Amino acid sequence: MTSLTLKGVTVNFPFVPYECQKDYMSKVIECLQEKANGVLESPTGTGKTLCLLCATLAWRERFKDTISARKITERLKGEEMFANTPLSSWGTAATDGDTPTYYTDVPKIIYASRTHSQLAQVIKELKNTSYKPKVCVLGSREQLCINPEVMKQQSNHLKVHSCRAKVSTRSCVYYNNVEEKSTDKELVNSVLDVEDLVKFGNKQRVCPYYLSRSLKQQADIVFTPYNYLLDPKSRRAHNIELNGAVVIFDEAHNVEKTCEESTSFDLTPYDVASAITAVDRLLAEQAKEASHGDTVSDFNMESLNSGLKLELATIAKIKQILLDLETVIDSYDVPNEVGITKPG
Ligand code: SF4
């Protein structure tokens, strides 16, 4: 382990860093000290992840010390606690330039990667450093649920529904153990990825999904896949607070694609054909209603559980739009493997 000072911050690094690694870490610290956004690039194989982790965690430790020093200064009202070490020598990492700003909270670090397997790699790198922050990795029920009854549900939607039902009636034994186990020393002091959390959950009979949510409150560093941050719905569901946090996007060239995906949906020829069939059913229902003496505007779609009232002309228009869409889609000759892209 090597100790070096960059921008006034002592950084512990697992080995003697190369010049490019020192430069990279200096820039990370500079961004954090100046509260600036940074876009950093470094060639493959230069240990970007390790540099990011060490620089950020070193800065955070320094920040924590500075805040503690400030609090002590406030309490001592100007007197020095250690005669030979004036508190002013503890640094200014927690100030905004020359203006002393008093912070009460040490920022959480939110570290985002594209996939969970990339996050697992990052956590592995963290284990090789001397830093032992409180860690939390966020995942979905799909990855973290260990209740066999819920796991056998066919779709993700059904799993979520079934889990929520169990939680509200406290009928999942794993959920009921979360409160007690979330303060377990082995858990709180360990750096666990998704796989480790599931192992811990199975061993201790406690739900890894709710455990991870509970660990998030006290975590110094939260590991999450991009989409939990970039998709507002997902961000709300996971209750991720970005205010005052340090956010790191690892391999940020993937962000654009993830944003595209989170606002995209698939519309298959099957979807369009099903919609046309549904409209045909509506028309047939309406014809039946009309033959029983109801007026067109009275036609009530409650018979199909939609709760909507539509006029015949509107239904016909919808069918025409769907037919036109089907014709346009059919007119493209789409190569099997590669597909085609058209302007929006
Ligand atoms: S509480 Fe946890 S273990 Fe229980 S069903 Fe929900 S996700 Fe699965």
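A helix crossing is called left-handed if the near helix is turned anticlockwise from the far one by less than a right angle, and right-handed if clockwise. The views show a predicted model, in which local features need pLDDT of at least 70 and side-chain atom pairs count only at pLDDT 80 or more, while totals for chains, interfaces and linings use all residues. Residues are numbered from 1 along each chain as its sequence is written, and side-chain values use heavy atoms, with hydrogens and water left out.

**View 1. The crossing of helices α10 and α11 is right-handed.** The axes of these two helices (DSSP runs of H or I, at least four residues, numbered from the N terminus, as are strands, runs of E of at least two) come within 9 Å and cross at roughly 115 degrees. Axes are lines fitted to C-alpha atoms, for helices over the stretch in contact, and angles between N-to-C directions run from 0 to 180 degrees. Leu197, Val198, Phe200 and Gly201 of α10 meet Pro208, Leu211 and Ser212 of α11, contact being heavy atoms within 4.5 Å.

**View 2. Arg205 and Asn239 are loop residues.** Arg205, in the loop between α10 (194–204) and α11 (208–218), has a phi near 55 degrees, a positive value in a residue other than glycine. Its relative accessibility is 43%, so Arg205 counts as partly exposed (buried is under 20% relative accessible area, exposed over 50%, partly exposed in between, with a 1.4 Å probe and protein chains only). Asn239, which is not a glycine either, has a positive phi of about 50 degrees; this residue lies in the loop between α13 (232–237) and β6 (246–249) and, at 54% relative accessibility, counts as exposed.

**View 3. Four strands form an open parallel sheet in the order β4-β5-β3-β6.** Strands are paired if DSSP finds at least two bridges between them; β3 (residues 109–113) and β5 (residues 221–225) are joined by five. Because β4 (135–137) and β6 stand at the edges with a single partner strand each, one side of each is left without a neighbour in the sheet. From one strand to the next the twist averages 20 degrees. Helix α2 packs on the sheet and touches β3, β5 and β6, its direction making about 170 degrees with that of β3. Helix α11 also packs on the sheet, touching β4 and β5, and its direction makes about 140 degrees with that of β4.

**View 4. The largest nonpolar core has 66 residues.** A nonpolar core is a set of buried Ala, Val, Leu, Ile, Met, Phe, Trp, Tyr and Cys residues joined through side-chain atoms within 4.5 Å. Val11, Met25, Tyr111 and Phe223 touch the most other members, and helix α2 (residues 48–76) gives the largest share, 11 residues. Both domain 1 (2–90) and domain 2 (109–262) contribute to this core, so it lies between them; the domain bounds come from an automatic or database assignment. Beyond its neighbours within four places in sequence, Tyr111 is in contact with residues including Thr49, Leu52, Leu53, Phe223 and Ile248. Apart from this core lies another, of six residues, among them Val272, Val279, Leu282 and Ile315.

**View 5. His116 is buried in the model.** His116 belongs to helix α3 (residues 116–127), and its relative accessible area is 16%. Neighbours within four places in sequence left aside, His116 is in contact with Val137, Leu138, Gly139, Gln143, Val194, Pro225 and Tyr228. Pro225 of β5 is in turn the bridge partner of Ser113.
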